[in-house]
Amino acid sequence: MPRNSFLMVPTLTPLLAPMLTPMLTSVLLAQAPQPAPLRVGEPLPLDLDLRAVQAQDLLPKDNRDAAQVEATRQRWLALVAPFKEAVSVRLRLPLNEARLPILLAAAQALRAQAPLQRLYVAFDAKAPALLEETAWGAVDGGALVPADLALEPVTWREQLAQAQETFPGRPWTLWLPKEPGALASTLLGDGGRLVVPAGGAAAQLASLIPPGFQEVEGGLGDLTLRNRTGASRRWVFANELWTEAALPKNRTEVAVTGAEAYDVGALLAHVRATQLRSRAQVRTLQAKADLDLHIQGQSGQGGDLGFTFEYFEQAGDWPELLQKEVRFNGVKANLKGEVQLPLIESRRSVSLPVSLSLAETYRYRDGGPAGPGRRLLRFEPVTPDPLAYRGELEVEEATGRILEERRERTNLPGTVKSEREVLTYGAVAPGVWRPVAVKTFERWVSTDGVVQVQRRFTYRDFELNSERFMADRDAARGSASTMLKVTPEGARYFTRQSDGTRRIDEHAKSNGRAIAAVVLVNPGLTPPVLPLAGLVYFDYNAFGKGVQLNALTAGVFNTASLAIPRGVGSFDVSASATALLLKSTERPVVRGELADDDGVGRRFGMFGVELGHDLGLGFRLEGRGDFQYDAFSEGETKYRTPGYVLPPSGLTRVGSLQGSWLFRGFQVRGFQSWGQRPEGTYGTAAHPLVVPEGGAFKRYGGSLGLDREARPGFWFHGEAGWVGGRAFDRFNALDVGGAGSVVRVAGIRSNAIAADQVAYAKAGMAIPTGPNLRLTLSLEHARARSLDDGKTYGVSGLGVSGDLPGFWWFTAVRVNLGAGLQSDIAGVKTVNGYVALLRLF
């Protein structure tokens, strides 16, 4: 578990941004029946001329900025209001690079106020071609009005072909200025749709065509139409009239079968438009928001951090959060007033891909059916960008609602290396549909390596457009409690000033300090019960460069570490140093029993540096170098052996390679180490011992782990592994007891057994037993092969942790004890652990 990881707060911005998707009318644009290919006397569409608009006024520069988004929505609302009752609208678009985003924005705004309105793109001979499917799906097609067409019908076919080149994804409708005669079937056969004057032959033909006959085969004066069942009808033009005729007897038809292409653009345009309509219903929104994080350590149970917020959202303003409660390991912390914990974010937090962006930065494609009446839409960024998401939306076709979104980002440049999110949507009020729960799996670079963080964010107790909103928010701002504001750059503290107002901090808080009072219980130390006091300092953005820095000084024990994401090219760099000045006495195990002689005292100091690189899909490779200085001396008097020669003190060098895979609570790790320690002899004259193989040794092993929330607050942890090596002796062998052991079993003495192979398994459960106590229980077992006699011995222990609210001056209290349950080696079972009182400041 990373040191002080319980103080990390992940990004809030993508969860708190106003991402609303509405409940639609029962008739969808994407599913509405297509208009007949030949219509009579339909009025011309009204023109919405956007050629001279200033794109910066109608397209927000940053769709994460609530103020920009709301101001843009208001401008569009005023612009499209006169067209609310129009049957159809023709969009006259600019010819520059804003052509596509303006088309998407205009279609979104128009359809938001009139879902069944027909939208057309106006023809412009100088216009660049719109080849994006999202543009095709946003409108019903193109429109050629009489002003676009020559008076002589002979040129209409050529003009239709020219228009189709500029917008090929939807049919073009021609409002013909005069009767087309036999040319009507040719224009229909070329893919056009016709609106003809009343009283002519084409109008007479329109009255003969049954509903549903949409598929066209046409030549000059000869028209054949089919419906979806395959039925065909034919008409020919003769004597200035259209007459039904029999299909040719020698007619040969070739049927092409295959899956019909799904209209992704139309569904996406509909979701956007209805989202905008939903946004218009939200003037204010209040809710409770619960954020819970589980930080999964490389081994052991990990830690938990939780928050409860009062959430305030007003149209046109950034959301605000009033911190109501902070929980350390599920128990309310003793925090009063404005206490600012460090914030950690995955850099730029991006709004939903279908949010009110009014610009196309994602590419969408059909993902196939997701069940009855449901469709998957897969998305990815248009240009390579590690800060943009890729994933899929599950959409309910009958309503246009997004039911669930699964998205991910990988190879991120900061502390958060990758994240996978699952957003669940629901109704928070009639007509308002938005995320109500978010489950996130993240991988963070820490000073102890890469760890997984599981985050659960839930909204509840919604109040929409409440008359109490302003009074409640003013009361929150006037309180002495901690507040945050969600800005386009992430969550920032909304700090209370001396005059009672609040100001947004320019930079996210990244550092903090704490004092810990600890009573350490370990029979292997001298004395076995030791009170300690320590000062902790931590910073997750040291020097303003994204560097993580942790330091702890407790007099006899001191440690410091740092991590630099992408410190060397694409490699993450970390370093750590530790010094234990308190002497521990190590006793050997002889013939399955802990000996009372040959005790040796040890103090040590170490320094390590590591390079790590993500390989993608949760895989990672790390290389590490460690340098440890061991100072051996005589142990406790009662365990000394006269004439015992101490092992050689000096520097041990170790190089290691580790591979890992972390995915949704699972973790798999494997390592290989090569070391060199000082060579020499030690022991008694009667039984001299030599450091094996000149001090060269190897270690290797692997582990499997899983952290899973069985139900809210109940966390299961399972872990199993195996470690081995060669060229060990009792002073660098594997161990199964104590905090510094390669494998630690609760309740077993430090240096209880010198082994060259250890297999182990652990199972634990965090159990919330009430607001003032959370118990964590773990059952642990290991089987170790002894260097002394080559036999394998089993040991078992029970770990019990209790988290309690802080009292008086302290923020939180934790009691962590281990009790030995079973051992094949006499004398190694014990009770060890600590009691810690923490004060944040």
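My entries below go through sheets, helices, rings and a few single residues.

**Entry 1**

I was looking at a predicted model throughout. I began with an open sheet of 7 strands, paired in parallel and ordered S1-S7-S6-S5-S4-S3-S2. Its edges are strand S1 (38–40) and strand S2 (46–49), and each of these pairs on one side only. Neighbouring strands in this sheet are turned against each other by 30° on average, direction ignored.

I then checked one pairing inside it. Strand S5 (residues 141–144) and strand S6 (residues 172–175) are joined in the parallel sense over 3 bridges. Which residue stands opposite Gly142 in S6? I found Trp172 there.

Next I asked what helix H4 (residues 99–113) lies across. I noted S2, strand S3 (88–92) and strand S4 (118–122), with H4 running at about 160° to S4.

**Entry 2: the antiparallel sheet**

I turned to an open sheet of 4 strands, in the order S8-S9-S10-S11 and with antiparallel pairing. Strand S8 (215–219) and strand S11 (241–245) are its edge strands, each pairing on one side only. Its twist averages 20° from one strand to the next.

S8 and strand S9 (residues 222–226) run antiparallel and are joined by 5 bridges. Val216 has Leu225 in S9 as its bridge partner. Here too I found a helix: H8 (residues 201–208) lies across S9, strand S10 (232–238) and S11, at about 30° to S11.

**Entry 3: Arg73**

I picked Arg73 in helix H3 (residues 66–80). Is Arg73 buried or exposed? I wrote down buried, since its relative accessible area is 11% and the cut-off for buried is under 20%. Setting aside residues up to four places away in sequence, Arg73 touches Leu276, Arg279 and Ala280.

**Entry 4: the buried side of H10**

Which residues of helix H10 (residues 469–478) are buried? I listed Phe469, Arg473 and Ala476. They span an arc of only 55° around the axis, and so they sit on the same side of H10. The spacing made sense to me: an α-helix has 3.6 residues a turn, so residues three or four places apart point the same way. The cover over the buried residues of H10 includes strand S12 (284–296), strand S13 (303–314), strand S14 (320–328), strand S23 (483–487) and strand S25 (502–504).

**Entry 5: aromatic rings**

I counted 17 aromatic pairs in the structure. Why is the pair of Trp661 and Phe663 stacked? Their ring centres are 5.6 Å apart and their planes are at 15°, and planes under 30 degrees apart count as stacked. Trp661 is partly exposed at 25% relative accessible area, and Phe663 is partly exposed at 23%.

Tyr700 and Trp722 are stacked as well, because their centres lie 6.0 Å apart with planes at 25°. Tyr700 belongs to strand S39 (residues 696–711) and Trp722 to strand S40 (residues 714–726), so this pair ties together parts 22 residues apart in sequence. Tyr700 is partly exposed at 27% relative accessibility, and Trp722 is partly exposed at 35%.

I also noted a cluster in which ring pairs link Tyr311, Phe457, Tyr459 and Phe462. Tyr459 came up again when I looked at charges: the charged end of Arg434 sits over its ring, 5.3 Å from the centre. The charged end of Arg401 sits over the ring of Trp433, 4.5 Å from the centre.

**Entry 6: loops**

Asp598 has phi of about 60° and lies in the loop between strand S32 (593–594) and strand S33 (600–616). Glu693 has phi near 50° and lies in the loop between strand S38 (688–690) and S39.

Tyr644 is in the loop between strand S34 (619–634) and strand S35 (650–663), and it is buried with a relative accessible area of 15%.

Methods. Residues are numbered from 1 along each chain as its sequence is written. This is a predicted model: local features need pLDDT of at least 70, side-chain atom pairs count only at pLDDT 80 or more; totals for chains, interfaces and linings use all residues. Side-chain values use heavy atoms; hydrogens and water are left out. Two strands pair if DSSP finds at least two bridges between them. Helices (H or I, at least four residues) and strands (E, at least two) are DSSP runs, numbered from the N terminus. Axes are lines fitted to C-alpha atoms, for helices over the stretch in contact, and angles run from 0 to 180 degrees between N-to-C directions. Contact means heavy atoms within 4.5 Å. Rings of Phe, Tyr and Trp (its six-membered ring) pair if their centres lie within 6.5 Å; planes under 30 degrees apart count as stacked, over 60 as edge-to-face and the rest as tilted. Buried means under 20% relative accessible area, exposed over 50%, partly exposed in between (1.4 Å probe, protein chains only). A charge sits over a ring if NZ of Lys or CZ of Arg is within 6 Å of the ring centre and within 35 degrees of the ring normal. The arc is that of the directions from the helix axis to the C-beta atoms.
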